Amino acid sequence: MKRKSLRKPATPRPPRDRPPKKDAGRQVQRVNSIISSAGLTSRRNADNWIKSGRVIVNGRVVTEPGAQAVWGADRIEVDGREIPEPSPRIYLMLNKPFGYICSLKDPQGRPLVTDILEDIPQRVYPVGRLDFDTLGLLLLTTHPRYRVPRTYKVTIAGKITDQALNRLRKGVRLKGGSSGSTKLSPVSLSEKQSVFRMTITQGKSRQVRRMLEAVGHEVIHLIRIGFGMLTLGNLKVGEYRYLETDEIASMKKLVGLV
Ligand code: URA
């Protein structure tokens, strides 16, 4: 069922100086990787498919595990169905609204971030997750795989102490390992509430909320304002846009994004 989007998004537009284009320089790749990049299954399972003779390249059944092909030039079939050519990669930045899930489906039927996207022909995936009740910068792309610093604007009730800030800076112990060190800069601290910016490099589940819990505070508002070199800027909640060419380039430099 297609759900209604929260609001009409800002008109998305491709990067200014050149539109998304097909991957230049088609290259030889392992067939298992092509099958997985095409979203059919994991690389490991693709190996099983190959072993069991379900994969044909240019009319020949390939069964060797390291089989290679050129996606877009060779005809690759799985169970008799051809894998379509690779689609152009796109990168979108969305200001995620409250109340949306960063998965591709939700058993409880809650709204998905991808429901907000209109006129985006490719299937895009959120890079990492923001909680249902977190707002802010969410990168969506056709091929997600990154580990980059993420910056949040965090609001908690009450005044946070210097001691708690220092504990957060050093890193706190969480179920599943240490949070790692954190950059923190206060925005406003009053008796009623504290607002600060916090940059983490790991992406553990509910990491910011759990870190604050570990120092005795509950997060009352959380918005991601930075992801790698990207900043949310004045993108309104529920709006999204294509990344500019220089933003894509800077992300590529930072994380070897393809
Ligand atoms: N940390 C959290 O606790 N929640 C998020 O959504 C993102 C980071």
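What share of the 258 residues in the protein chain is buried? In this predicted model, buried residues account for 45% of the chain. The accessible surface amounts to about 14,300 Å², and carbon and sulfur atoms contribute 49% of that area. The secondary structure consists of five helices and 17 strands. Among contacts in the chain with a separation of 6 or more, 67% are between residues 24 or more positions apart.

Asn 32 belongs to helix 1, which covers residues 31-37. The relative accessible area of Asn 32 is 5%, so this residue is classed as buried, the limit being under 20%. When residues up to four places away in sequence are left out, the contacts of Asn 32 are Arg 43, Ala 46, Asp 47 and Ile 50.

Ala 69 is located in strand 4, which spans residues 68-70. With a relative accessible area of 2%, Ala 69 is likewise buried, because the value falls under 20%. Again leaving out residues up to four places away in sequence, Ala 69 touches Gln 27, Val 28, Gln 29, Val 31, Ile 34, Val 57, Asp 74 and Ile 76. Of these, Val 31 and Ile 34 fall within the residue range of helix 1. Between Ala 69 and Asn 58, which are 11 residues apart along the chain, the C-alpha separation is 9.2 Å.

The C-alpha atom of Glu 213 lies 9.7 Å from that of Leu 174, a residue 39 positions away along the chain.

Helix 4 also takes part in the second largest pocket, where helix 4 and strand 10 (150-157) each contribute at least two lining residues. The space in this pocket is about 400 Å³. The lining comprises 21 residues, and those closest to the pocket centre are Arg 129, Leu 130, Asp 131, Ser 205 and Arg 206. By class, eight of the lining residues are nonpolar, seven are polar and six are charged. Both domain 2 (91-147 + 231-254) and domain 3 (150-227) are represented in the lining of the second largest pocket, with at least three residues from each.

Notes. Residues numbered from 1 in each chain as written. Predicted model: local features only at pLDDT ≥ 70, side-chain atom pairs only at ≥ 80, totals over all residues. Heavy atoms only, no water. Helix = DSSP H or I, 4+ residues; strand = E, 2+ residues; numbered from the N terminus. Buried < 20%, exposed > 50% of the residue type's maximum accessible area, 1.4 Å probe, protein only. Contact = heavy atoms within 4.5 Å. Areas by Shrake-Rupley, 256 points an atom, 1.4 Å probe, with all protein chains shown as cover. 1 Å grid on protein atoms, 1.4 Å probe; cavity = no way out; pocket = protein on both sides within 12 Å on 5 of 7 lines; lining within 4 Å. Points joined across faces, edges and corners; volume = space filled by probe spheres on them. Nonpolar A, V, L, I, M, F, W, Y, C, P; charged D, E, K, R; others polar. Domains from an automatic or database assignment.
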